[in-house]
Amino acid sequence: MRFTKDHEWVRLEGDVATVGISKHAADALGDVVFVETPEAGKTVSVGDSFAVVESVKAASDVYAPVAGEVVEGNEALASAPETVNADPEGEGWFAKIKVADASAVDALMDQAAYDAYLTTL
């Protein structure tokens, strides 16, 4: 699993990256009440806003940590947005993206680097 400074995570399996928000981000948001995930076929570039998460505290964009084509959005979050709080780094994933360049994932922070980054906030 790799992480961005915007608190997204990426898990690469073959050429498909599963993307979500970190436990830190989910905890900071509080109770998630709405999630909008991208539709299959959408092309995203690194840094593009591709999903929205709303909580009782705020609404936030979720940014693409990798470039590619969305192959699946997690439609289950529409009826169960609380999954993002319950399992943010598992079943609370937002999208699966067929990555344009799998090596781009290597440039993201690993767990140790992300944990160290969190201590600077």
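Me: Before we look at single residues, what does the word "buried" mean here?

Reply: A residue is called buried when its relative accessible area is under 20%, exposed when that area is over 50%, and partly exposed in between. Please keep in mind that we are reading a predicted model.

Me: Why is Met109 called buried?

Reply: Met109 has a relative accessible area of 15%, and because the limit for buried is under 20%, Met109 is classed as buried. Met109 is found in the loop between strand E9 and helix H4 (111–118).

Me: How do you know which residues Met109 is in contact with, leaving aside its neighbours within four places in sequence?

Reply: Contact means heavy atoms within 4.5 Å, and with those neighbours left aside Met109 is in contact with Met1, Arg2, Phe3, Thr4, Lys5, Tyr114 and Tyr117. Arg2 is 107 residues from Met109 along the chain, yet the C-alpha atoms of the two are separated by 5.3 Å.

Me: What makes E6 and E7 a pair, and what joins them?

Reply: E6 and strand E7 (residues 59–63) have five bridges in the antiparallel sense, and because at least two are needed, they count as paired. Ser49 stands opposite Tyr63 in E7, and a hairpin of three residues joins E6 to E7.

Me: What makes E1 and E5 edge strands in the open sheet of six strands?

Reply: The order of that sheet is E1-E2-E3-E9-E8-E5, with antiparallel pairing. Strand E1 (2–3) and strand E5 (43–44) are the edge strands, as each pairs on one side only.

Me: How do you know that E2 and E3 pair?

Reply: Strand E2 (residues 8–13) and E3 have six bridges in the antiparallel sense, and since at least two are required, the two strands are paired. Within this pairing Trp9 stands opposite Gly20 in E3.

Definitions and conventions:
Residues numbered from 1 in each chain as written. Predicted model: local features only at pLDDT ≥ 70, side-chain atom pairs only at ≥ 80, totals over all residues. Heavy atoms only, no water. Helix = DSSP H or I, 4+ residues; strand = E, 2+ residues; numbered from the N terminus. Buried < 20%, exposed > 50% of the residue type's maximum accessible area, 1.4 Å probe, protein only.
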